[in-house]
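The following report walks through a two-chain protein model for a reader who is new to structures. Please keep the sequence and the 3D view at hand while reading.

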Amino acid sequence: MHKKKIFSRESVYFHFFISPWFLGFLIFTLWPIIQSIYISSTDWEMQLNVAPKFIGMANYKNLLFNDELFWISLKNTFYYAFGSVPLGLILALILALLLNQKLRGITIFRTIFYLPSVISGVAVALLWVWIFNPQFGIVNAILAKLGLPTPGWLTDPAWAMPALIIMSLWGVGGSMLIFLAGLQGIPTEFYEAAEIDGAKLWAKFRYITLPMLSPTIFFNLVMGIIGSFQIFTNVYIMTSGGPGTATLVYVLYLFQNAFLYFKMGYASAMAWILFVIILTLTLLVIKSSAFWVYYETEVKR
Amino acid sequence: MKKFLVVLCLGVMFLVSSVLYAAPVEIRYIYWGNTEELQFREEMIKIFEQKHPDIKVIREGNPPAEYDRKLTAQLTAGNAADVINMCNDWWGQRGRQGAFADLTPFVKKDKLDLMKLFWSFPIKSMQSPGILEGLPYILKTQALFYNKKLFEEAGLAYPNDNWTWDNFLEAAIKLTKGEGAQKQYGVVGFPTINAAWMFGGDVTSSNMKLVVANNPKTLKGIQFLRDLIFKYKVMPTIAEFQAMGTGVRFSTGKGGMMIDYSWSIAWLQQAMHDPWDVVQLPMDPATKKRYPECRADGLAIYSQSKNKDAAWELVKAFATDPDIQKYIAKNEGIPALKSIALSPEHLNTFKEGFKPYNKKAFVDAVSYAKLQPFGGYYNELGTAWTREMDLVLLGKESPEEALKKFQTVGNDILKRLTK
């Protein structure tokens, strides 16, 4: 009896304190999400100042069968994701391994490598425009010193996307930090036991570090995929999708449809297609995790 | 007793004053502008408010990039500002949607002779079928900017109003010298729309129903522009432009000529050390015609506004109040009011600290100006155009291919927007 009373008082407080967030979620997240499903089935050219007209699946049909730019943007986004995610993961892991050494002043290095991740996206994008500047940028200055060809980077359709992928490594500090936490969670006894058995550096990495780190890799992989499919700021600021359609990524095209051309129904349909793509990819990764992710407590048969 | 009388007097005064004194009418005015433009409009509003103490203007200034979104949202919600800043390159779209009130009755009531007060171009471009949707207050046109020092160094006479594109090319070749990052180019700014128009070509039909870009005249112009880069090498490539843009190249003396807008004057006055001037755009050698672009910013009244009379006062004042128009002139804008724009006071006086320049070149351009087809919700057409032109100027696509593709894509867009 006594317990229940306390519980109910707690529960009142709980609901009271949670209510702003809960209401916020209902009004500003859930409702727009539901609304966007409906809008995606309408022809709503907001600029023409006409009410949304229900057209069923026509937006989806147009996107899939009549819109060349939709497929181009999808292709570009996959290009970006397949370039930036593996590269980012590998670099973050290497950095984390280096920063996991027990050295004096290592925390300073950790801070330095994490620092880029806290700078605002727009500032970073503008900075990289200069780094990639074909005539005065530091990248081409170095390439020229080495006697290598100097591409036009953001102004060359062939190099614009690689440039964006290289740039994405700037934000590697976030996954590095998570890897670092994962590395520090690996019990040192494993390494000691392996050393007694005569394991070398590579064997320790291959048979202890990697398996023990696999849940962290899994997490970073999923977050990386989701993030890379949503790339927007850098492209919006640096290339606006150009030259031509070389960097027209999915979310940029969605943004253009929604907020430049005001095709709200069309843009909503695009958003839902993106949701399905990201969901599918994430589920695939989760499904595959059974084969390569190991949990300490798990018993393999 | 004395006390009672004082209270009584105060009471009567209060009653009388509250009857006589009506609170000022409030009107909302939505507009765009960067920091300087916002300040500029603020000053214009202040002049208006001083002359109309009965009207209070609620300012809704927006950064240019957000304006379309803000206005569209307001119109969709049915709660737009009473006075709306607009541009003639919207091609009467908003008027056709019923978003703007017809200004004709107000014009008639106040007996304004529009064709006398203004050039016909801005007025005509603010008419959509049946209604006058706005009154212009400031004009923005193009001219050919040239670096006097570089012309002298090359032993060339300055450009003049009789120049054709042949003279332009000839000078561009002679002005180009050097190599690499320090190369000096003959041309450092040439909007693609001017290339499309330069030999009498066009991008869209005049009623904006069709894309007609795929025609020999437009093709000739785009080819000309492409040749400046690849054949004559008198204009930087896109990569070089990214390294250093039009304005910086010109202002630092690395370019002999550029086609640019009147709004660049204020910046150039401060940034450029070499002597420079402007002249009208060169002519098509065959027809002796020139095709500069002209935009006119104007004010419109929201069709659902409850304060249309007060709103009209602001619209009228911006366009015709001599003090406001003179303020525009004094700050290096082209006033829409003809009498002020053509006055020697405007043409021959310059803002403090500014070097004199051929202001008349910009004013003259209004008479044969064209309207760019990418404003307002034709934005999407503009994106498609830029996409193709990028590829042409990168040398990745031929002008023929680009125009053909643009025509197909563009017509789809127009079909949708005019349905």
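In this predicted model, the side chains of D323(B) and K51(B) meet in a salt bridge, with N and O atoms 2.6 Å apart; a salt bridge here is a side-chain nitrogen of Lys or Arg within 4 Å of a carboxyl oxygen of Asp or Glu. The pair links distant parts of the chain, since D323(B) belongs to helix α16 and K51(B) to helix α2 of chain B, 272 residues apart. Helices (H or I, at least four residues) and strands (E, at least two) are DSSP runs, numbered from the N terminus. D323(B) is partly exposed because its relative accessible area is 38%, and K51(B) is partly exposed at 39%; buried means under 20% relative accessible area, exposed over 50%, and partly exposed in between, with a 1.4 Å probe and protein chains only.

Side chains of opposite charge can pair when their charged atoms come close. By the rule used here, the count comes to 23 salt bridges over all chains, and the table lists some of them.

| Pair | N to O distance |
|---|---|
| D323(B) and K51(B) | 2.6 Å |
| R41(B) and D297(B) | 3.9 Å |
| K405(B) and E397(B) | 2.8 Å |
| R416(B) and E45(A) | 2.5 Å |

Are R41(B) and D297(B) buried or exposed? R41(B) is buried, because its relative accessible area is 2%, and D297(B) also counts as buried at 2%. In the pair of K405(B) and E397(B), K405(B) counts as partly exposed at 39%, whereas E397(B) is buried at 6%.

The salt bridge of R416(B) with E45(A) joins the two chains, and E45(A), K263(A), E380(B) and R416(B) are linked in a network of salt bridges. Between chain A and chain B the count is two salt bridges.

S40(A) lies in the loop between α1 and β1 (42–43) of chain A, and S40(A) is buried because its relative accessible area is 2%. W153(A), in the loop between α6 (138–145) and α7 (157–168) of chain A, has a positive phi of about 45° although it is not a glycine, and W153(A) counts as buried at 5%. A cis peptide bond, with omega of about -10°, joins G242(A) and P243(A), and P243(A) lies in the loop between α11 (233–238) and α12 of chain A.

As for conventions, residues are numbered from 1 along each chain as its sequence is written, while chains are lettered from A and ligands numbered from 1 in the order in which they are written. Local features need pLDDT of at least 70 and side-chain atom pairs count only at pLDDT 80 or more, whereas totals for chains, interfaces and linings use all residues, and side-chain values use heavy atoms, with hydrogens and water left out.
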